[in-house]
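Have the sequence and the 3D view open as you read.

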There are 2 protein chains.
Amino acid sequence: MLLKNNVKGEWWRAMIQERDDIVALDSAIIQNPKVWEASGHLAGFTDPLVQCLGECKRRWREDDLREQQLGAEDAEGEIRCPKCDGELSEPRQFNLMFETYVGPVHDEDDKAYLRPETAQGIFINFKNVLSFARKKPPFGIAQIGKSFRNEITPGNFIFRTLEFEQMEMEFFVPPAEAAEWHDRWMDQRMRWYTDLGIRPDQLRLRAHGADELSHYSSATSDIEYLFPMGWSELEGIANRGDFDLTQHAKFSGEKLEYVDSGSGDRFVPHVIEPAAGVDRAMLSFMVDAYDVEEVEGRERTLLRLHPRLAPVKVAVLPLVNKDGQPEKAREIYEELRALMPAEYDTGGSIGKRYRRQDEIGTPWGVTVDHQTMEDDTVTLRDRDSLDQSRIAIGELAEKLTRRLGEPWASPKLGAAAKS
Amino acid sequence: MLLKNNVKGEWWRAMIQERDDIVALDSAIIQNPKVWEASGHLAGFTDPLVQCLGECKRRWREDDLREQQLGAEDAEGEIRCPKCDGELSEPRQFNLMFETYVGPVHDEDDKAYLRPETAQGIFINFKNVLSFARKKPPFGIAQIGKSFRNEITPGNFIFRTLEFEQMEMEFFVPPAEAAEWHDRWMDQRMRWYTDLGIRPDQLRLRAHGADELSHYSSATSDIEYLFPMGWSELEGIANRGDFDLTQHAKFSGEKLEYVDSGSGDRFVPHVIEPAAGVDRAMLSFMVDAYDVEEVEGRERTLLRLHPRLAPVKVAVLPLVNKDGQPEKAREIYEELRALMPAEYDTGGSIGKRYRRQDEIGTPWGVTVDHQTMEDDTVTLRDRDSLDQSRIAIGELAEKLTRRLGEPWASPKLGAAAKS
């Protein structure tokens, strides 16, 4: 939870706080069904569903089975149930949006859908934002929030789930600048992952082939991470052209365009969309940071997380549970936790407590020992290098705060380069 | 959006970061229907619905109409449609949970519900958390997230909406300590609002009468704020006893109790629950901060928001758009926004730009003028006092960061006390 919050926080910092051309939004999960008519989701957001007619009666995605059994999604030939080898039904198109009803009556008129993506909530708020946010193209609207897809085959740990969280940003640009902004956003999004510690050789940008492109997109590239189950999508960066604003203008009867108050020029902005999954990003940061190494003949498991992503920044540990050390350590802990997430731990040997913090990726350990009681210095331990240095208590807060702001290079990157 | 994020951030800081006895959770919105059977929501989370049999056919909550027309929810007597004075149908109990179906089939077995509260997600994770989080009672589990209620009569701006956000914390305690912890949490939660600037005379803690108490609660108090529409609930603080863990143990077949590894003592913890609404809290902070005053013969509208809640902490403004001032201001802005949300504005007269920031509650303004170009000092303007002081650019970052951490008293409180 804390790691996931930090992933969202870093996206927010990069998208909102450190820029002045993107504003924030929190749109509704349950929206007017017209929205999904306009976006094409009602008609086309479907997967081909087949059911086992043999013993197990399980349901599968036909396209997945074709790829697994015949080598390609659109291959001709017979596929069978992977569970019990039973025959399969004819495929039917199954809409992935969860349905519900607003109000006490369950008529067709009262039907609504849980959003399958946050993007459409941004498009339908384009005109609102344009009128109050004092921005003009190029500018963006960013949103983090839950989306819902009635997936037939969720799986791969938290990679595909029915309920998930997205970080999406729609960037509205003059049509002539779309290709240039698409390039720029691909660069920036790749750099976001590597700046936060992902090893570049585990990350790739893959352009969609012409046959892969969605109906709304003239160009899309996926940022993929090399998970244990293979290369998988973390984020798609699409040039959506004017498809969305044009569709919503048509279905709502509202003009969705930008009119320059000076020149009177008007145009429907084109849209560049970097759309990332929070849960997937979190999983990639965890997988990438995971490391096992030998230290003095013993195995050490650790997460080499970027300090800004680490759930706990610093652990404060008394060396022994006597001689005033616990009280002193507690005092330091209470000072530090006002500034950053911190832990205080007295349970078990100091070695065991260090390992516990290594396993959750805590970058720094502060140890209070007998010398502390004499000269008000502590040991500062670095998770990655295992360096221990002596530092005055009075300098701790400033030093750690400063280091949280400094650039950081993944030590795993160095290790990989050496090996 | 930024204000709402800050409200959530401050709750998070108070509940998670600055304590060591509460852990974080993000549980599912769509949960197994058994959860709502166990909690009592499936049978009892209903409102009495009546429909107009006259012209307008509108739907109403019967209890609301009785209170409005007869003076009490349970008063006997005739009520009529408030819109067209039509006759009303007999009431029927209407469940407020939104229904949906998981998977492609819409059988009774596949029915699921959107959570109407985050609390139950915490109870069903009690055993998980107990087994990995190294906590023992008294300890808490906290969660911020969206909940959904199919309300018949939403309204009062964002006070009651179908989709809303909650900040709930379930605090598990030894049974003998429940009353004491209930008192403690009432104090702490009241102080949270006043520490963040709510005027104490606009806030009250109201204990539920015996007839108002939920079936699960032995004592509940509401924190209420005096909104323009009257005293309304921001947060409920309930002593839920062992109702929830006992119910979920019964329905899941899992023992939900704490066993002390030393003494072997075992007990079902009692639960104290401070449950707050994010949107309501945000609305109360906005309403409370809103002020209009006369400054040098002209009206000034401002939000006297606590600096930690303010969406933008500092605005950097060049006095004139020439002589290198915009470039200098931009430089300062870029330094500051790495540390805190900042804005850079060149549009219109300096007075107009100050007012714009006052209206969104920005506590500090930094103005770059001709003197800046000579001696690298700027004017620092205080939103509340309107004091302007000269300060070196080099000292800005540290000074503003420090002031964000310092206690702050609502200037409106002072004004109210004087008048």
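In what follows, two residues are in contact when heavy atoms lie within 4.5 Å. With that in mind, 100% of the interface residues of chain A are also interface residues in chain B, so the copies meet through the same surface. Please keep in mind that this is a predicted model.

**Extent of the interface**

- Chain A brings 49 residues to the contact, and chain B brings 49 residues as well.
- The size of an interface is often given as the accessible area lost when the parts come together.
- Here the area buried between chain A and chain B comes to about 3,700 Å², with carbon and sulfur atoms giving 51% of that area.

**How the copies are related**

**Polar and charged links across the interface**

- Eight salt bridges are found across the interface of chain A and chain B.
- One of them joins the side chains of A:K146 and B:D26, with 3.3 Å from N to O.
- Between chain A and chain B, 24 residue pairs are in polar contact, counting pairs with both residues at pLDDT 80 or more.

**What chain A puts into the contact**

- On the side of chain A that touches chain B, the elements that each supply at least two residues are α1 (2–17), β5 (92–95), β6 (99–101), β8 (139–148), β9 (163–173) and α10 (325–337) of chain A.
- Which of these gives the most? It is α1(A), with seven residues on the side that touches chain B.
- Sorted by class, this side of chain A holds 24 nonpolar, eight polar and 17 charged residues.

- Moving to chain B, you will find an open sheet of three strands in the order β2-β7-β6, with antiparallel pairing.
- Its edge strands are β2 (30–31) and β6 (99–101) of chain B, each of which pairs on one side only.
- Over two bridges, β2(B) pairs in the antiparallel sense with strand β7 (residues 111–114) of chain B.

How values were computed. Residues are numbered from 1 along each chain as its sequence is written. Chains are lettered from A and ligands numbered from 1 in the order in which they are written. This is a predicted model: local features need pLDDT of at least 70, side-chain atom pairs count only at pLDDT 80 or more; totals for chains, interfaces and linings use all residues. Side-chain values use heavy atoms; hydrogens and water are left out. Buried area is the accessible area (1.4 Å probe) that two parts lose on being put together, summed over both. A salt bridge is a side-chain nitrogen of Lys or Arg within 4 Å of a carboxyl oxygen of Asp or Glu. A polar contact is a pair of N or O atoms within 3.5 Å; within protein, one must be able to donate a hydrogen and the other to accept it, and residues adjacent in sequence count only if both atoms are side-chain atoms. Helices (H or I, at least four residues) and strands (E, at least two) are DSSP runs, numbered from the N terminus. Ala, Val, Leu, Ile, Met, Phe, Trp, Tyr, Cys and Pro count as nonpolar, Asp, Glu, Lys and Arg as charged, and the others, Gly among them, as polar. Two strands pair if DSSP finds at least two bridges between them.
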